[in-house]
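Colleague: I have just opened this entry for the first time. Please walk me through it, one question at a time.

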There are 2 protein chains.
Amino acid sequence: MFLRIDHVGIACHNLEEKIKFYEETFGVQVVHREVNEAQGVREAMLHIADGEGGGSYIQLLEPLGPDTPVGKYLAKRGEGVHHIAYGVSDVRGAMGELAGKGIRLLDESPRHGSMNSSIVFLHPKDVGGVLTELVEAPRQ
Amino acid sequence: MFLRIDHVGIACHNLEEKIKFYEETFGVQVVHREVNEAQGVREAMLHIADGEGGGSYIQLLEPLGPDTPVGKYLAKRGEGVHHIAYGVSDVRGAMGELAGKGIRLLDESPRHGSMNSSIVFLHPKDVGGVLTELVEAPRQ
């Protein structure tokens, strides 16, 4: 089902400071920024590598406010890894397959993700405490 | 500095149960198992993808006892993402570069990692709350 580790989502208080840190410390570069109002985050994708199954990124996430999912996460756990996202070829097909195995989906249908991808989140309690996202890249 | 997302390390209470879950739910396969006494863990690597910079894996980690780093992590935070590991070509060189930038290293010299790699951990407080590992794959 998984084509790649698409990205690791990291929650932070200040997106611009954290981008600067990653760029200056590790030499990685921002390839995309966006504000996702529906998810309540300001985010940036930092490119790590490319593979047969697509690119891999670090996704830095700053909440748009304290009452957003990432805002609540930061208040409870502090800065750190928020979720893992895996690339899939067919997010709707994967949703059906996983629902059939009893995995709860946090979205009824795919929604907009970074860089025009289609995404779904799986319930972390059904994936060993890991908030898990599936990402279908846009058609080229 | 980073060649790939080498792996995401996930802490769990029962390695065999979690392997079975990942295999049956997502169709990923175990390609390596080992017990790392020095780190106090029993671990398995599940292959996700290959890229120009090497392979990407999920690493499942079960502590050998409650007084190990992963045992303490589980007691405090429960099951979930424990660390992110990035592939590098020269772990000693990366250590020198990062120490020069003020990043604290948790190891004075590289130590043994999964699949005969050489690894070092960076202090999570210096990397925005993320326990970060660098991995140099063994020479082919």
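**Spaces, contacts and single residues**

Colleague: What volume does the largest cavity have?

Modeller: Happy to start there! This is a predicted model, where local features need pLDDT of at least 70 and side-chain atom pairs pLDDT 80 or more, while totals for chains, interfaces and linings use all residues. Residues are numbered from 1 along each chain as written, chains are lettered from A and ligands numbered from 1 in written order, and side-chain values use heavy atoms, without hydrogens or water. With a cavity taken as a set of points on a 1 Å grid over the protein atoms alone where a 1.4 Å probe fits but cannot get out, and volume as the space filled by probe spheres on points joined across faces, edges and corners, the largest cavity comes to about 100 Å³.

Colleague: Which residues lining the largest cavity are closest to its centre?

Modeller: The lining (residues with an atom within 4 Å of a point) draws at least two residues each from strand 3 (41-51) and strand 4 (54-63) of chain A, and from strand 1, strand 3 (41-51) and strand 4 of chain B. Strands here are DSSP E runs of at least two residues, and helices are H or I runs of at least four, numbered from the N terminus. Among the 19 lining residues, those closest to the centre are Asp50(A), Gly51(A), Ser56(A), Gly51(B) and Ser56(B).

Colleague: How much space lies in the second largest pocket?

Modeller: A pocket is an open set of points with protein on both sides within 12 Å along at least five of seven lines. The space in the second largest pocket is about 250 Å³.

Colleague: Which three residues supply 21% of the area that chain B buries against chain A?

Modeller: Each chain brings 38 residues to the contact, meaning heavy atoms within 4.5 Å. Together the chains bury about 3000 Å² (accessible area lost to a 1.4 Å probe on being put together, summed over both), with 67% from carbon and sulfur atoms. On chain B's side, the 21% share, more than any other three residues supply, comes from Phe2(B), Ile5(B) and Phe26(B).

Colleague: Is Met115(B) buried, partly exposed or exposed?

Modeller: Met115(B) sits in the loop between strand 6 (111-112) and strand 7 (118-122) of chain B. Its phi is positive, about 55 degrees, although Met115(B) is not a glycine. Buried means under 20% relative accessible area and exposed over 50%, with a 1.4 Å probe and protein chains only. At 25%, therefore, Met115(B) is partly exposed.

Colleague: Which residues does His32(A) contact, leaving aside its neighbours within four places in sequence?

Modeller: His32(A) belongs to strand 2 (residues 29-36) of chain A. Its relative accessible area is 22%, so His32(A) is partly exposed. Beyond those sequence neighbours, His32(A) touches Glu43(A), Ala44(A), Met45(A) and Met115(A).

Colleague: What distance separates the C-alpha atoms of Asp67(B) and Gly40(B)?

Modeller: Asp67(B) lies in the loop between strand 4 and helix 2 (69-77) of chain B. With a relative accessible area of 67%, Asp67(B) is exposed. Asp67(B) and Gly40(B) are 27 residues apart along the chain, yet their C-alpha atoms are separated by 8.6 Å.

Key. Buried area = accessible area lost by both parts, 1.4 Å probe.
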